[in-house]
Structure formats: C-alpha cells, structure tokens
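Subject: Structure handover

Hi,

Here is the structure for your files. Please open it next to this email; my notes follow below.

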Amino acid sequence: MEELEQVPVGADGLIGMKAWVDSFDRLYRKTDRLYYEISRECGLPESAYWTMYDIYIAGGSVPVRDIVSTSCASKQTINSAIRHLEGKGLVRTEFCEGSRKAKLVRLTEAGRVFVTERIEPACQAERRAFGALTGIEQAEMLRLMDKYVGAVEAELEHIGKEMENE
C-alpha cells in the first residue's frame with residue numbers, strides 16, 4: 001500500500017491555509033471548472049446542464065420536485081433552467097398524473113438527441129475516470145467525501161446558528 005504524507009497543520013490544529021489552497025481547494029475548484037467547461041461546450045448554463053443530467057439519469061422524464069430535492073440548487077434556479085431548456089426545445093413540462101400542481105419535465109426528441117450527443121458521453125467519461133480507481137479506492141473516496149460533506153454541513157449550520165444569535 002502506498003505511504004501517505006500527513007497534511008501540515010497550523011498551531012490551531014487545522015490544515016494550514018497554504019496547504020488547503022494547494023491541495024483540496026485547488027482540486028475542488030479544478031473539478032468545478034471542468035464541469036463549467038462541459039456545460040459551456042454544450043451551450044448551456046450549469047444549472048440547465050445539471051437539470052438535463054438529472055432528466056437523463058431518471059430515464060427521460062422526472063417530476064420537477066425530484067430534481068429540486070436531489071440537486072444542490074434552489075427551486076427557482078431549477079425552474080429557470082427548465083424554462084431555458086424549454087426555450088431551446090430540449091424539454092417540455094406537463095402536469096404529473098392526477099395533479100393540477102406538480103409538474104413533470106420530459107425530454108423532447110431534440111432533447112433525446114442532445115442527451116445522446118452531449119450528456120451520455122460526459123457521464124461515461126466520469127464513470128471511466130472513476131474506474132481508474134480500484135474498488136477499494138472508490139469505496140474509500142465515497143466514504144471520505146460523504147464524511148467531509150457531512151462535517152462541512154454541520155460546521156456551516158453551527159456558523160448560521162451563531163449568526164442568528166448575534
């Protein structure tokens with residue numbers, strides 16, 4: 001097994017700012033930039049790209065509320081993305097069966113072609129890249145990312161509560 005170097009920490013016991021910027025923060029921003037570029041190459045804002053991604057993953061149609069609940073974007077952002085995609089002729093919306101309020105978003109024929117040409121290849125590339133890791137590395141990466149995201153959520157909630165109490 002490969003020997004890992006410990007990340008340098010400051011007097012406060014936290015990762016030093018330079019080490020943070022040079023490591024995790026840089027990787028996070030680089031990954032974010034890659035997805036930004038993919039969305040731009042597709043001619044879509046990022047929110048519209050991820051909405052198309054969610055519709056593709058769902059099999060071509062999905063309730064809008066499901067996209068909102070699984071995405072990291074607000075309901076307003078998702079609705080704006082859907083309007084953008086409708087304007088491009090890639091999706092259409094309709095009421096969910098038995099509802100006069102809940103909406104379903106569905107790929108049009110042009111949307112299916114777009115997904116085949118743009119979204120599917122990006123998904124396959126992601127899966128191939130993940131496949132470059134061993135099964136153990138994949139499991140460890142997912143475990144550690146989940147732990148990290150949970151810790152960030154807890155820390156930000158704590159900060160939010162402190163701000164409310166001021």
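Why do the end C-alpha atoms of helix H6 (residues 109–131) lie 31 Å apart? H6 has 23 residues, and at 1.5 Å a residue they should span 33 Å, which agrees with that distance. The expected span is 1.5 Å times one less than the number of residues. Helices (H or I, at least four residues) and strands (E, at least two) are DSSP runs, numbered from the N terminus.

Before the rest, the ground rules. This is a predicted model, in which local features need pLDDT of at least 70, side-chain atom pairs count only at pLDDT 80 or more, and totals for chains, interfaces and linings use all residues. Residues are numbered from 1 along each chain as its sequence is written, and side-chain values use heavy atoms, with hydrogens and water left out.

Helix H6

H6 bends by about 45° at Val115. The bend is the angle between axes fitted to the seven residues ending at a residue and the seven starting there. The buried residues of H6 are Gly111, Phe114, Val115, Ile119, Ala122 and Cys123. Buried means under 20% relative accessible area, exposed over 50%, and partly exposed in between (1.4 Å probe, protein chains only).

Salt bridges

How many salt bridges does the structure hold? There are 7. A salt bridge is a side-chain nitrogen of Lys or Arg within 4 Å of a carboxyl oxygen of Asp or Glu.

- Glu109 and Arg112 pair at 3.3 Å, N to O. They are 3 residues apart in H6, about one helical turn. Glu109 is exposed at 52%; Arg112 is partly exposed at 40%.
- Glu140 and Arg143 pair at 2.8 Å, N to O. Both lie in helix H7, 3 residues apart, about one turn of the helix. Glu140 is partly exposed at 35%, and Arg143 is partly exposed at 44%.
- Glu94 and Arg92 pair at 3.6 Å, N to O. Glu94 is partly exposed at 26%, as is Arg92 at 39%. Salt bridges link Arg92, Glu94 and Arg106 in a network.

An α-helix has 3.6 residues a turn, so residues three or four places apart point the same way.

Helix H7

Which residues form a nonpolar patch on the surface? They are Met141, Met145, Tyr148 and Val149, with about 320 Å² of accessible area together. Patch residues have over 30% relative accessible area and no salt bridge; like charges are joined within 9 Å, nonpolar side chains (Val, Leu, Ile, Met, Phe, Trp, Tyr) within 5 Å. Areas come from the Shrake-Rupley method with a 1.4 Å probe; for residues, only the protein chains shown count as cover. Tyr148 sits in H7 (residues 135–164). Tyr148 is partly exposed, at 32%.

Gln138 is also found in H7. Gln138 is partly exposed at 21%. Setting aside neighbours within four places in sequence, Gln138 contacts Phe130, Gly131 and Leu133. Contact means heavy atoms within 4.5 Å.

A loop residue

Gly59 is in the loop between H3 and strand S1 (61–63). Is Gly59 buried or exposed? Gly59 is exposed, with a relative accessible area of 69%. Gly59 and Arg100 are 41 residues apart in sequence and 23 Å apart in space, C-alpha to C-alpha.

Best wishes
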